[in-house]
Amino acid sequence: MKLSDLTGTKYSVIQGGMANIATGEFAAACSNAGALGLVASGGMNAEALREQIRICKSKTDKPFGVNLMLMNPDVDNIAQMLVEEKVQFITTGAGNPGKYMKAWKEMGAKVFPVVASVALAKIMVRAGADAIIAEGGESGGHVGDMTTMALLPQVVAAVDVPVIAAGGIASGKQMAAAMMLGACGVQVGTCLLVSNECPIHENYKQTLIKAKDNATTVTGRSQGAPVRIIKNEMAREYLKLEAEGADRERLEKITLGGLRRAVCDGDMIRGSVMSGQVCGQLQAIRPVAEIVEEMVVDAKECLANASTIAI
Ligand SMILES: Cc1cc2nc3c(=O)[nH]c(=O)nc-3n(C[C@H](O)[C@H](O)[C@H](O)COP(=O)(O)O)c2cc1C
């Protein structure tokens, strides 16, 4: 099964939820471009998120969804609000959505939990997931330990629902590779940050365009909450303190409000500039539609020519 059969979208591509970035307007732009746009819930309460969902609805007649981080303090109200707003696609992270599943399914939603391990994938399928998003640690934002290359085929082998690949995908070749590993489609984040429509500060986009392959690092491992970000003054200070065994309170002082500093103020020195490892591939700021369409067209071409590859 193709992801687009499950979502009713033109392409088998999901715009990954991105806290403080994936607004209703951005999600609608991604849906209008043929992907499944997702409104991110990070940092929002139910009413603020409802407003973004309504903005999304007003700007697209295409399918869209919501990304719900289950550690959100207003999670119960958000879960109920998604039912009221009849949100048809819900991706979840940072927890088990089991207790909301019945209400979401009765409303007709499809639920795609994001996982970074086979064990979690199996738990999510038992909880009623319609598909699994297997996310490798190459991705931007909160990450697991495994790479997409190793994780994806193991999740595909372990579950009997469609699997969507995420992490390290920003080109048709990478999408084709994911499909060869058994994915039904892909979820992307980093490559969409450098779109015209993405509402991040221009400095953020330029930093990603200039970034090289090894421009990112992972902070927060000592706290059990690893996050992939661009190496900058804040990241270096954080890693130094982590190596010295600094406690949570000390470390949190450095990152508090960091994503907003990067996204809204364009602070590339002290901000938390979340990015995946594919940043080294990004070359230009382009419309979302061009990024998504090129990826799918190139992936199809790669797969069509696959038999000519000598092994
Ligand atoms: C800036 C940024 C913020 C993110 N925030 C979230 C989030 O709030 N919730 C979530 O489930 N995933 C989040 N992610 C992960 C994306 O949804 C997506 O799975 C990931 O970016 C895919 O890997 P890629 O970055 O290599 O394309 C974030 C990623 C980035 C780059």
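I looked up the contact of helix 4 with helix 5 and found V75, D76, A79, L82 and V83 in helix 4 meeting K99, Y100, A103, W104 and M107 in helix 5. I sorted these contact residues by class: eight are nonpolar, none polar and two charged. I note here that I am working on a predicted model.

Next I checked the geometry of this pair. Helix 4 covers residues 75-84 and helix 5 covers residues 98-107. Their axes lie 9 Å apart and the packing angle is about 15°. Angles under 35 degrees count as roughly parallel, so helix 4 is roughly parallel to helix 5. I also looked up the handedness: helix 4 passes helix 5 in a left-handed crossing.

How are helix 11 and helix 12 oriented to each other, roughly parallel or roughly antiparallel? I took helix 11 as residues 233-243 and helix 12 as residues 248-255. They pack at an angle of about 175°, and their axes are 10 Å apart. The cut-off for roughly antiparallel is over 145 degrees, and helix 11 and helix 12 are therefore roughly antiparallel.

I then listed the contact. Helix 11 brings M234, E237, Y238, L241 and E242. Helix 12 brings R250, L251, I254 and T255. By class I have five nonpolar residues, one polar and three charged.

**G128**

I went to G128 next. G128 sits in the loop between helix 6 (118-127) and strand 6 (132-135). Which residues does G128 contact, once its neighbours within four places in sequence are left aside? I found M101 and K105. I also looked up the separation of G128 from V111. The two are 17 residues apart in sequence, and their C-alpha atoms are 7.9 Å apart in space.

**Second largest pocket**

Last, I turned to the second largest pocket. I noted a volume of about 300 Å³. Its lining has 16 residues. Those that lie nearest the centre of the pocket are A170, S171, Q281, R286 and E294.

Which elements give two or more residues to this lining? I found helix 8 (172-180) and helix 14 (288-304). Helix 14 gives the most, with five residues. I sorted the lining by class as well: eight residues are nonpolar, four polar and four charged.

Key: Residues are numbered from 1 along each chain as its sequence is written. This is a predicted model: local features need pLDDT of at least 70, side-chain atom pairs count only at pLDDT 80 or more; totals for chains, interfaces and linings use all residues. Side-chain values use heavy atoms; hydrogens and water are left out. On a 1 Å grid over the protein atoms alone, a cavity is a set of points where a 1.4 Å probe fits but cannot get out, and a pocket is an open set with protein on both sides within 12 Å along at least five of seven lines; lining residues have an atom within 4 Å of a point. Grid points are joined across faces, edges and corners, and a volume is the space filled by probe spheres set on the points. Helices (H or I, at least four residues) and strands (E, at least two) are DSSP runs, numbered from the N terminus. Ala, Val, Leu, Ile, Met, Phe, Trp, Tyr, Cys and Pro count as nonpolar, Asp, Glu, Lys and Arg as charged, and the others, Gly among them, as polar. Axes are lines fitted to C-alpha atoms, for helices over the stretch in contact, and angles run from 0 to 180 degrees between N-to-C directions. Angles under 35 degrees count as roughly parallel, over 145 as roughly antiparallel, 65 to 115 as roughly perpendicular and the rest as oblique. A crossing is left-handed if the near helix is turned anticlockwise from the far one by less than a right angle, and right-handed if clockwise. Contact means heavy atoms within 4.5 Å.
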